[in-house]
Amino acid sequence: MFDRSPIVPVLRMSGPIGIATPLRPGLSLSTVAGPIEKAFSIKKAEAVALVINSPGGSPVQSRLIYKRIRDRAQETGKTVYAFTEDVAASGGYMLACAGDEIYADPSSIVGSIGVISASFGFDKFIARYDIERRVYTIGENKSMLDPFQPEEAESIARLKTIQKDVHDVFTSLVKDSRGSRLKEGEETLFDGRVWAGGRAHELGLIDGLSDVRTKMRDVFGDKVKLRVVGRRRGLFSSLRGGMMGRAGVAGTGTSLGDELRGLPDEVISAIEARALWARYGL
């Protein structure tokens with residue numbers, strides 16, 4: 001006999017967005033497009049569940065992933081349920097907005113609807129050691145906010161203008177997604193603050209407190225089957241699974257030598273990722 005139990009594909013989206021190297025794939029449209037397509041192609045499924053654990057990252061990649069999920073939801077007529085784990089902040093919350101409904105744990109960190117740019121200033125350091133910075137450009141603004149040169153008010157103003165444009169895109173997306181469910185004004189919701197799950201529910205940023213298994217059983221019954229749709233594995237996962245071939249690393253299209261030469265990039269990627277998580281105490 002045929003198994004008539006309802007099926008809900010589960011897309012797990014974990015990690016910083018857009019911070020990626022060969023050993024640390026990260027979240028980007030290129031890494032999740034395949035699983036998204038697979039999840040929405042399961043004809044028996046009436047819904048797709050997103051399980052999100054991300055401190056954010058690239059606003060472009062966040063929006064591209066959001067748009068792909070919404071496009072496929074509209075094309076297939078499937079309902080999307082989003083569930084946040086430890087954190088769905090900044091770009092992570094943008095991903096959650098791809099859900100028709102959003103749920104979180106009471107201790108989840110939700111929000112951070114803002115835009116940030118961080119750097120260091122080394123101009124005084126190099127001046128102390130009589131080091132001269134030489135920069136040659138075509139276009140007077142090509143070297144804006146060089147960390148080895150003193151800040152300029154005009155450069156800061158230009159950066160703020162760009163940040164406002166990106167912030168406007170983010171806030172418009174949240175308003176389009178959440179609509180009348182939002183319970184506070186923009187000055188509260190869109191100033192970059194984060195909230196625990198309970199407060200996020202009061203503010204209308206999420207629809208309730210639950211987890212994917214509990215909610216899907218409430219909606220589709222106790223016999224619902226959650227089918228995890230995974231992403232392609234990276235180098236170390238492939239090694240652990242015995243999937244490495246002699247000529248290269250299975251599923252990556254690169255050789256082991258290429259991976260090892262990329263280790264400095266991996267260190268930088270790890271530092272950037274750690275800094276993103278650390279903003280939320282994780």
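Modeller: Start with Val48, which stands opposite Val80 in strand β3. This is a predicted model, so every position here is a prediction. Val48 belongs to β2, the strand of residues 47-54. β2 and β3 run parallel. Seven bridges join them.

Now look to the other neighbour of β2. Strand β1 covers residues 7-14. Five bridges join β1 to β2, and this pair runs parallel too. Take Leu11 as an example: its bridge partner in β2 is Leu50. So β2 is paired with β1 and with β3, because two strands count as a pair once at least two bridges are found between them.

How many residues of β2 are buried? Eight of its eight are. Check the two sides in turn. On one side sit Ala47, Ala49, Val51 and Asn53. On the other sit Val48, Leu50, Ile52 and Ser54. Each of these is buried, so both faces of β2 are covered.

Is Ser90 buried or exposed? Ser90 has a relative accessible area of 13%, so it counts as buried, the limit being under 20%. Its backbone deserves a look too. Phi of Ser90 is near 55°, a positive value in a residue other than glycine.

Leu145 also has a positive phi without being glycine. Here the angle is near 60°. Leu145 lies in the loop between α4 (123-128) and α5 (153-178). Its relative accessible area is 30%, so Leu145 is partly exposed.

Where does Arg227 lie? Arg227 is in strand β8, residues 225-229. Its relative accessibility is 43%, so Arg227 counts as partly exposed. Contrast that with β2, where eight of eight residues are buried.

Notes:
Residues are numbered from 1 along each chain as its sequence is written. This is a predicted model: local features need pLDDT of at least 70, side-chain atom pairs count only at pLDDT 80 or more; totals for chains, interfaces and linings use all residues. Side-chain values use heavy atoms; hydrogens and water are left out. Helices (H or I, at least four residues) and strands (E, at least two) are DSSP runs, numbered from the N terminus. Buried means under 20% relative accessible area, exposed over 50%, partly exposed in between (1.4 Å probe, protein chains only).
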